[in-house]
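Colleague: Could you walk me through how some of the labels on this model were assigned? I would like to see each one set against its definition.

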Amino acid sequence: MTTAAPLTLTKDMGPADLDGVTKMGIGASWDATTGGSGGLMGFARKVRGTDLDAFAVLMAGSEPVRLAGLDIIDPLQNGAVTHSGDDQTGHGDGDDELIEVTFDRIPPHVTSIVFVCAAFKRGSDFKKAANVSFKVYDSTGGSSALVADIWPSLLGSGNAVAVAKAYRAGGAWKLEVVNERGTVRQGDTDSLLRFAVGK
């Protein structure tokens with residue numbers, strides 16, 4: 001029995017309705033690469049891996065009010081938005097970092113959630129990561145089903161990408177692909193938040 005491949009979401013498709021989805025996951029995955037270096041140096045880079053970081057920035061209108069990522073795994077302290085924790089290598093199968101959102105627990109003044117992936121820590125670099133992808137899961141009812149994926153463009157510069165945004169539309173939520181590259185100052189949370197504002 002074959003399983004249908006997940007839909008690849010693109011910016012051109014416009015917002016997707018999340019009707020009936022009460023819990024959604026966004027998983028970030030990447031593979032270590034040599035970063036173009038051959039020989040022993042390239043081998044060492046690949047073995048060591050590379051460190052990307054996934055974040056969820058909770059917005060109240062145009063103001064960022066909470067951040068999930070790194071060591072902040074439950075910023076609302078009610079399980080509404082949870083982060084799996086900081087993966088520092090990209091080694092292994094499956095998602096390296098996972099953010100889950102339970103929509104009915106989100107406070108009403110939170111109007112959107114911006115999902116960002118960045119080479120945030122000093123010394124990390126997007127060029128040392130390959131096959132970066134973001135998977136979208138429907139976790140309604142307690143079991144996670146992969147329903148879509150998002151592939152960031154290989155073009156552009158900067159050490160951060162705004163991947164997608166979930167936002168309120170009346171009494172429901174929608175998800176749209178943002179897929180915009182930019183630069184944040186490594187280790188600077190304020191810079192990361194400013195990057196997410198307006199996405």
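Modeller: Happy to; let us take a helix, the cores and some strand pairs in turn. This is a predicted model, where local features need pLDDT of at least 70, side-chain atom pairs count only at pLDDT 80 or more, and totals for chains, interfaces and linings use all residues. Residues are numbered from 1 along each chain as its sequence is written, and side-chain values use heavy atoms, leaving out hydrogens and water.

Colleague: Which residues of helix H2 are called buried?

Modeller: In H2 (residues 189-196), these are Ser191, Leu192, Leu193, Phe195 and Ala196. Buried means under 20% relative accessible area with a 1.4 Å probe, protein chains only, so each of the five falls under that cut-off.

Colleague: Which residues touch the most other members of the largest nonpolar core?

Modeller: Met24, Val81, Ile113 and Phe115 do, in a core of 37 residues. A second, separate core of 16 residues includes Phe195. A nonpolar core is a set of buried Ala, Val, Leu, Ile, Met, Phe, Trp, Tyr and Cys residues joined through side-chain atoms within 4.5 Å.

Colleague: Why are E9 and E10 called paired?

Modeller: Pairing takes at least two DSSP bridges; these antiparallel strands have 5, so they pair.

Key: Buried < 20%, exposed > 50% of the residue type's maximum accessible area, 1.4 Å probe, protein only. Helix = DSSP H or I, 4+ residues; strand = E, 2+ residues; numbered from the N terminus.
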